[in-house]
Amino acid sequence: MSRHRNVRGYNYDEDFEDDDMYGQSVDDDYCISPATAAQFIYSRQERQAPNVEPVEEEEFEDEVEVPMSPTISHNLDPLDQAKLYSCLDQMRAVLGDALPDSVLTQAAMRCNFEPQRALDAVLSEDNKSVPVTRTTNQEMAAAPRANQEKATQAQKTNQEALAVPRPEKAKGRDPSHNKLDSEVVPKVARMTVSGKKQTMGFDVPSTEQNGVVTASLTVPPAAEAPSKRPETPSKGSAGGDEAPAAPTPGRTPGKAKQQINVKAELEKRQGGKPLLNLVVIGHVDAGKSTLMGHLLYLLGNVNKRTMHKYEQESKKAGKASFAYAWVLDETGEERDRGVTMDVGVTKFETASKVVTLMDAPGHKDFIPNMITGAAQADVAVLVVDASRGEFEAGFEAGGQTREHGLLVRSLGVTQLAVAVNKMDQVNWQQERFKEILSKLGHFLKQAGFKESDVFYIPTSGLSGENLTSRSSAPELTAWYSGPCLLEQIDAFKPPQRSVDKPFRLCVSDVFKDQGSGFCVTGKIEAGYIQTGDRILAMPPNETCTVKGITLHDEPLDWAAAGDHVSLTVTGMDIIKINVGCVFCDPKEPIKVCSRFRARILLFNIEVPITQGFPVLLHYQTVSEPATIRKLVSVLHKSSGEVLKKKPKCLVKGMNAIVEIQTQRPVSLELYKDYKELGRFMLRYVGSTIAAGVVTEIKE
């Protein structure tokens, strides 16, 4: 009884506005619900304001009152008048306010108050006029002929309906069709809104050749929108799948087309410009954010008003030189501390490419965030500080220049531009540039970069020299005549995208948005996706529906491999999705395991790796504690042949096959199937100790 209100101690006086309790007895209060009392018990308040009734009843009364207008009331006896009102009610339920009352009344009286016959008569007349005018407007050759034939056929049906008694009418119209029409009634009354569309909604069921009508309407692209409406009632009359089928017809034709021409659509989409994912890396305080912020400002991606605001605010905070860095460092904590902490993502366009820019943090505390950014990149810009002592601090042991270089190479980046920043502080000296070039060149070659894929550009992030246009500074032009940074970014070769493989997206962020569902952001590693698709999230093993796709704040109907997208998904609880989950095609899901074999390359490590060694596994956007369960074999670096089986320990520079066990299941792919999803990094006590590729998934 706890769910019901306590009627014994309830004060009913508070329910009434006036003290006047005329017509309300004590017994009535306790025995009858307020709704019943309002309906059956006389009240003077109701006489004065009869609008107390529920909304549904009001609408019903309105519908009943429509035929009671003086224009309709003919000299009929009460029985016929009741039949007329009943007939009009049923016709209104189907047609809504599409037709005037006089037309419906005449049709009802002509057909002896039989709603089915009256509906047939009204619809066939309407069908005679609507399709013909629609097709003449579009000036089609084939469609008017088909529609005129249908109109004459509908006219004959109408005449038969008027002249012959009901049983014989089945010749003009199939009795099963009548039954279906009556089943459609309530659904269409809810779905259709405006008068014109309601009439069009019934073009299809009123003729026998549903398929032909739809075909004739969908020929011109201009008529696509109206033609999708008539499909809905015909689907509704076909069976019990009306609700899910209703929204789909609009997308079905486009979807089929995109599935065939994804590559062609991809080329068309950016105006023929391919997409390039660029990560900016380097030691802390090398000037990464300032360099890219100034580049974005010079390209016009940041307006002068915003830039002026940043300049004023940074001066107040005592960090005048950080104004350009604030373009990418947007959070208060990043601005206060003067270091990038998370990966800032934005986009800009060059002459031949659309570039997604990821500004990675340089501080060693935020290397996990940097790995997340680097894992989603195709090419990289390594920023080094040319100042005396600063380059050495970043490059020697403990600096991030080396570690970042190793990380991006291990994560599959093959093309690198080295921006030698702050060259204005050393007066654009060629000797200093060559010194940095020789030190870095030797290291990058060891890391696995080809010399032909590494480019060196002298720049100044604060003054903007050699960023978007070639420098005019005489100190620099005297010895450097190569491209500026933007020209070099434009010259990068975009990688081959795995559009043909099953869909894979690694989640880098999850957040609640306005409206239903929630948003996930990440890079599509393989395949493509469209709005309305069902996708599977692993490891939670939950399916959901994609309601919207956003690329660089622009809503799209589809997106393909290489795109950094934000998906709005519904049909799933936000609690079950974490950063690091992978969305995939439900037909070909990604493998989930907690034990796998991998081939790893060890970097400069101080402690030898033994069985049971604890590590932190960084894979795409996941960082998961793991243990090296088994040392399987040591391999030759270049040939890959087994040098030693079951080694006791692994030391720096070794290439080995190991078995790794993670604490929780992770979604992995074999390196040979998906290169992007088969790479990972191993870290231990704040430093990267190894890079590896997945060779075998155990369980």
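**View 1. Cysteine 111 in the predicted model.** A residue is called buried when its relative accessible area is under 20%, and cysteine 111 of this predicted model, at 0% relative accessibility, therefore counts as buried. Cysteine 484 is likewise buried, because its relative accessible area is 0%. With a disulfide taken as a pair of cysteine sulfur atoms within 2.5 Å, the count comes to 0 disulfides. Cysteine 111 accordingly takes part in none, the nearest cysteine sulfur being that of cysteine 87, 7.8 Å away.

**View 2. The second largest pocket and its lining.** The volume of the second largest pocket is about 1,200 Å³. Its lining comprises 37 residues, of which Glu330, Val343, Gly344, Val345 and Thr346 are the closest to the centre of the pocket. Sorted by class, the lining holds 17 polar, 12 nonpolar and 8 charged residues. Among the elements that each supply at least two lining residues are helix H20 (367–375), strand E7 (504–511) and strand E14 (564–570), while E2 gives the most, with 4 residues.

**View 3. Confidence along the protein chain.** The mean pLDDT of the protein chain is 76, and 70% of its residues reach 70 or more. The pLDDT is below 50 over residues 49–73, a stretch that has 16 contacts in the model beyond near neighbours in sequence. Residues 130–147 also stay under 50, and for them the model has 22 contacts beyond four places in sequence. Where pLDDT is low, the predicted coordinates should not be read in detail.

How values were computed: Residues numbered from 1 in each chain as written. Predicted model: local features only at pLDDT ≥ 70, side-chain atom pairs only at ≥ 80, totals over all residues. Heavy atoms only, no water. 1 Å grid on protein atoms, 1.4 Å probe; cavity = no way out; pocket = protein on both sides within 12 Å on 5 of 7 lines; lining within 4 Å. Points joined across faces, edges and corners; volume = space filled by probe spheres on them. Nonpolar A, V, L, I, M, F, W, Y, C, P; charged D, E, K, R; others polar. pLDDT = per-residue confidence, 0-100. Contact = heavy atoms within 4.5 Å. Buried < 20%, exposed > 50% of the residue type's maximum accessible area, 1.4 Å probe, protein only.
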